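I opened this entry to record what I looked up.

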Amino acid sequence: MAEHRNYTAISDFRVLNRRKLLKCDDPNSHLKISVDPNSSLSNEEYLTVTVSGVLLPSSSDWVAMISPSSSNVADCPLSEAYYAQTGDLSDLPLLCQYPVKAQYVKNDPDYLNCTKRECQESVLGKCVVATCSGSLTFHVINIRTNIEFVFFAGGFDTPCILTRTNPLDFTNPNMPLYGHLSSIDSTGKSMRLTWVSGDEKPQQVQYGDGMSQNSVVTTFTQDDMCSSSTLPSPAKDFGWHDPGFIHTAVMTGLQPSSNFSYKYGSDSVGWSNQIQFKTPPDAGSYKLYFIAYGDMGKAPLDSSVEHYIQPGSVSVIKAVTDEVNSVNVDSIFHIGDISYATGFLVEWDFFLELINPVASQVAYMTAIGNHERDYVDSGSVYVTPDSGGECGVVYETYFPMPTSAKDKPWYSIEQASVHFTIISTEHDWSVNSEQYLWMEEDMGSVNRSKTPWLIFMGHRPMYTSSNADTSVDPRFVNAVEPLLLQYKVDLVLFGHVHNYERTCAVYKGECKAMPEKDANGVDTYNNSNYSAPVQAVIGMAGFSLDKFTTDSNSWSLSRISEFGYVRGNATKDELYFEFVNANTRNVEVQKWQSSENGGEVVVVGSVVIGVGVRVGAEEVELEVGRGDGIGKEVVAVSSQGGEHRIHVATRDVVDWFRAAGE
């Protein structure tokens with residue numbers, strides 16, 4: 001384990017295929033492993049894997065789902081010379097059979113107790129040989145290469161193979177899958193769709209009223225991955241899995257803040273379902289509703305172990321999906337540490353499948369993090385091997401953002417009243433570097449009458465109350481924080497630390513202004529007299545939560561270590577910012593008033609997403625009758641005689657009155 005750790009996080013399962021695997025010395029002729037259904041696999045299904053004929057069930061018995069690391073393993077290099085090139089002279093039967101996930105058979109409570117006993121041999125009516133069985137459920141998605149299930153003894157530490165199934169093929173390994181959207185500019189008139197297929201021939205996206213665009217096809221290979229001369233990286237060696245082909249097409253001729261439908265694929269390989277999507281508002285328009293988070297990753301939808309699991313990701317994406325399906329969310333921003341595949345490339349497929357319900361409906365904008373980019377001798381600021389050898393190549397292929405060039409993953413985009421500046425904390429940000437000069441030019445050119453709000457996003461934070469010595473780089477703070485003040489950034493969002501924390505209006509560790517409570521108990525930052533940016537850490541979307549190690553920071557106003565996300569609701573006058581607990585759906589609200597309209601708040605600006613709404617610290621029941629208030633905007637709240645009244649209107653009505661000056 002020490003020899004092959006390659007500096008990255010270690011689990012027993014993660015280094016399984018770096019071990020010498022033997023056939024178990026077990027003469028048991030009754031052993032069997034079966035799969036139900038035992039037929040060609042659909043794009044997603046749950047399989048029941050049963051091991052039977054076991055004489056002595058053990059807590060160290062386990063089943064792995066394995067798959068070829070390449071679509072064609074006929075020439076898989078098994079020679080000693082190949083291993084010599086990697087510095088590994090061991091015998092690795094699974095090097096070409098990627099171990100995707102695994103479960104101990106004791107997950108079936110009947111296994112160790114041998115509840116499901118079966119007599120194999122009888123003498124004079126008395127059973128003399130009885131065996132036990134156990135069943136496991138595996139969630140399977142289309143990863144293009146066939147899969148097998150292998151029954152092991154000896155645990156992850158000393159594994160040996162007892163028996164295995166025949167390979168199971170996917171019905172359509174070329175099926176176009178996992179389509180996700182992104183904006184390419186600030187007009188709201190064009191959207192990029194990116195999807196994955198096993199077929200390299202160009203496909204199509206068909207959308208709107210008879211419009212279509214052909215895809216541009218790309219991929220990446222093991223040669224594109226970063227590695228070390230002394231020790232191969234997971235991405236280049238034992239974590240490699242063939243990614244298939246990544247298709248991308250730009251849908252043009254759209255209208256901002258509008259709904260369209262699309263499907264993608266071809267007649268030869270098949271088509272996706274028809275999907276409804278929404279374009280974001282164009283720059284300068286009135287209202288924006290966005291969601292943001294960092295550090296999501298993925299978790300298995302069964303009881304399996306994988307090499308890297310982010311336990312909160314499933315509950316967060318479920319909450320976000322509910323919100324996208326209920327209200328008019330315009331965009332989602334995921335600011336670094338995207339899939340946590342870190343060189344185990346099949347896990348990108350599982351991540352793309354996880355976010356598909358939301359990323360297929362609205363623009364899914366991203367920033368790069370350490371687990372996408374960092375690797376020794378790769379040009380990243382930090383030389384940790386956190387990307388597992390992916391060194392940004394995989395991320396930029398799956399998530400093409402409106403950047404100027406490859407490996408320059410910084411960009412800006414405007415939606416409605418907000419200018420978003422998105423940077424890479426993993427690339428050189430020092431004074432007068434290329435990225436630094438771009439930040440100056442970008443933020444210095446913002447037209448604040450058109451987009452009065454300036455939100456700055458990146459991955460590594462400037463402020464945190466969780467192990468700041470290792471989470472905050474003072475060089476980054478010293479170089480970039482003065483720009484935030486100079487260009488009057490309103491809100492700064494970072495991830496990397498796995499909790500939620502919000503500051504006062506802070507600069508150089510000092511509060512320059514504190515929020516005031518409004519009538520509903522909401523922290524309100526009045527920017528009619530700008531003082532400094534408010535910063536928030538929002539890395540609580542999936543990775544195991546970080547505890548707060550200190551409570552002595554005067555600039556820290558809110559600290560929540562719960563899984564969730566944030567939602568932003570911006571008009572030209574106000575910006576609402578709320579932390580949403582993914583499990584309880586409770587919120588913590590902050591509000592900004594713009595410098596141009598810093599008077600009394602007259603519009604609440606929340607959106608009804610269910611039959612209850614929180615006003616300040618109070619839960620208020622909302623009787624909407626047949627759900628006709630869902631998705632409408634709260635335009636006022638009144639109270640009389642202990643009765644709370646919430647006044648709602650559809651967004652088009654609200655916008656019409658505002659446009660008329662009412």
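Predicted model: local features only at pLDDT ≥ 70, side-chain atom pairs only at ≥ 80, totals over all residues.

Next I checked the overall make-up. The protein has ten helices and 38 strands. It has 662 residues, and 57% of them count as buried. I also looked at contacts between residues with a separation of 6 or more. Of these, 72% link residues 24 or more positions apart.

Then I turned to strand β11, residues 191–197. Is it enclosed or open? Six of its seven residues are buried, so β11 is largely enclosed by the rest of the structure. I looked up its pairing. Strand β10 (residues 177–183) pairs with β11 in the antiparallel sense, over five bridges. Strand β15 (residues 245–251) also runs antiparallel to β11, joined by seven bridges. I followed T194 of β11. T194 is the bridge partner of H180, and T194 also stands opposite T248 in β15.

Last, I took helices α7 (residues 434–444) and α9 (residues 474–486). Their axes come within 10 Å and cross at roughly 10°. That angle is under 35 degrees, so α7 is roughly parallel to α9. Which residues make the contact? I noted Y436, M439, E440 and M443 on α7, and A479, V480 and L483 on α9. By class, I logged six nonpolar residues, no polar ones and one charged residue in this contact.

Key: Residues numbered from 1 in each chain as written. Heavy atoms only, no water. Axes fitted to C-alpha atoms, helices over the stretch in contact; angles between N-to-C directions. Helix = DSSP H or I, 4+ residues; strand = E, 2+ residues; numbered from the N terminus. Parallel < 35°, antiparallel > 145°, perpendicular 65-115°, else oblique. Contact = heavy atoms within 4.5 Å. Nonpolar A, V, L, I, M, F, W, Y, C, P; charged D, E, K, R; others polar. Buried < 20%, exposed > 50% of the residue type's maximum accessible area, 1.4 Å probe, protein only. Pairing = 2+ DSSP bridges.
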